[in-house]
Amino acid sequence: MTELRFPENFLWGAATAAYQIEGAARDDGRGESIWDTFSRTPGKVHAGHTGDVACDHYHRYADDVAMMAELGLQAYRFSVSWPRIQPDGSGPVNPRGLDFYDRLTDALLGRGIDPIVTLYHWDLPQTLQDRGGWTARDTAEHFATYAAAVYARLGDRIGTWTTLNEPWCSAYLGYGNGVHAPGVQDPGAAFAAVHHLLLGHGLATQALRAGGAGRVGITLNPADVCPADPHSAADAAAVRLVDGLHNRIFLDPLLVGGYPDDVLEHVARLVDPVFVQDGDEKIIAAPIDLLGINYYAPTYVAGRPDGAGGGAYPGTEGAVEFLPPVGPLTDMGWMIEPAGLTRLLERIATDYPAVPLLITENGAAFPDKTADPSSPLQDADRIAYLDGHLRAAHQAIARGVDLRGYLVWSLLDNFEWAEGYRKRFGIVHVDYLTQRRTPKSSARWYQEVISRNGL
């Protein structure tokens, strides 16, 4: 294959999330989150797995940071657990919770690794959910207060702040089809959650700016939505509908200044959007410095009057058929199509050109076998996946996309939400019984990519 070099100062790193790796669910004053409740509810998570221990990163962070440095990571994206900072989601700040992120930040900086903070990666304090969660406007306001508290402690050392991770998942999977916490199944609640998540982002952005933050962004999981038949008007209409519910409902208010008319009309057929108040869209559109992109697989749709639609896409029943993935699949059953990443990056750069992009997550689960401590686990499928997607990212850069970096998902095998511990995304194998970390061959491959700044 052709040797490729990425731009000078291209940022290479890895990403994780608090509930997926930290464990220590009851340590140092941490409160309950919706994922604590959801994972302990029978039938919600594979085999009854929980994040109570996870990768025990809370106690093993120093060794994990040393491993990051050994692998050559330049950046590490982690999320802060809101219930560690405010056990009830509002009220007094828990200093012991902030102390952990203080120690983690200093450990990263001491190894020359740039910390990138995500303030919300799905672990809403349960007390706030008891009061409506993201369907309640108050939650957005509490989120801004929490953001300000975290910034007050860490803002002198952390340069890049992202507010939310994948609000599409929080809203549609949490409140639409209920496969994620808090497990609500209500289209109206899903759309209210979309809006209040975005409002929370805008209010938190204001709070971060007021504290002096220099680089603020948000991470989305935009979909590369493709028609089953490029020549079909019905399929084009299905693409437009799904793109509106997945992409434009977030991108337009963030980067254009308001919700798209066709999306608002669709929402109004399902729920009265009284939750959108005057002035909200201006708050949501507060300028950002960075847009995080999480990409895993494309979405193919067809326009069919008998289409089953999708529970995560309210109102698509009887209009859209989501096609099953074809070709080689990951262990999640997701289609492997690197060209979808190129298309997606180009589309965002064309339609929303004002903001630089960062790939904040990209990776794949494969059925890795137990690691042999004497040699790296050979995960050739993961290497092929990452290689293909990095080449797709490079192609987008060559076509003029302002892409600043790439963060692999994930550093460690971890608690994979409703899938529990049976799906492994890590470039480092974790033995969950002993907590032994063993870099896979993909970790060594990625180490080489970073060292040469290319493929």
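Rings of Phe, Tyr and Trp, the last represented by its six-membered ring, form a pair if their centres lie within 6.5 Å. In this predicted model, such ring pairs link Tyr19, Trp35, Phe38, Trp122, Phe415, Trp417, Tyr421 and Tyr432 into a cluster. By this rule the count comes to 37 aromatic pairs.

- Tyrosine 19 and tryptophan 417 form a stacked pair, with 6.2 Å centre to centre and 20 degrees between the planes.
- The pair links distant parts of the chain, 398 residues apart: tyrosine 19 belongs to helix 1 (residues 18–21), and tryptophan 417 to the loop between strand 11 (403–409) and strand 12 (428–430).
- Tyrosine 19 has a relative accessible area of 3%, and buried means under 20%, so tyrosine 19 is buried.
- Tryptophan 417 likewise counts as buried, at 3% relative accessibility.
- Both Tyr19 and Trp417 are members of the cluster of linked rings.

**The pair of Trp168 and Tyr313**

- Tryptophan 168 and tyrosine 313 form a tilted pair, with 5.6 Å centre to centre and 50 degrees between the planes.
- Because tryptophan 168 lies in helix 8 and tyrosine 313 in the loop between strand 8 and strand 9 (320–322), the pair ties together parts that are 145 residues apart in sequence.
- Tryptophan 168 counts as buried, at 8% relative accessibility.
- Tyrosine 313 is buried, with a relative accessible area of 8%.

**The largest pocket**

- The volume of the largest pocket is about 1,200 Å³.
- Its lining consists of 42 residues, of which Trp168, Leu173, Asn221, Thr299 and Trp334 lie nearest the centre of the pocket.
- By residue class, the lining divides into 26 nonpolar, twelve polar and four charged residues.
- Helix 8 (167–175) and strand 8 (299–303) each supply at least two residues of this lining.
- The largest share, three residues, comes from helix 8.

**Helix 11**

- In helix 11 (residues 261–268), the buried residues are Val263, His266 and Val267.
- Seen down the axis of helix 11, these buried residues fall within an arc of 100 degrees, so they line one face of the helix.

Note on methods:
Residues are numbered from 1 along each chain as its sequence is written. This is a predicted model: local features need pLDDT of at least 70, side-chain atom pairs count only at pLDDT 80 or more; totals for chains, interfaces and linings use all residues. Side-chain values use heavy atoms; hydrogens and water are left out. Buried means under 20% relative accessible area, exposed over 50%, partly exposed in between (1.4 Å probe, protein chains only). Helices (H or I, at least four residues) and strands (E, at least two) are DSSP runs, numbered from the N terminus. The arc is that of the directions from the helix axis to the C-beta atoms. On a 1 Å grid over the protein atoms alone, a cavity is a set of points where a 1.4 Å probe fits but cannot get out, and a pocket is an open set with protein on both sides within 12 Å along at least five of seven lines; lining residues have an atom within 4 Å of a point. Grid points are joined across faces, edges and corners, and a volume is the space filled by probe spheres set on the points. Ala, Val, Leu, Ile, Met, Phe, Trp, Tyr, Cys and Pro count as nonpolar, Asp, Glu, Lys and Arg as charged, and the others, Gly among them, as polar. Rings of Phe, Tyr and Trp (its six-membered ring) pair if their centres lie within 6.5 Å; planes under 30 degrees apart count as stacked, over 60 as edge-to-face and the rest as tilted.
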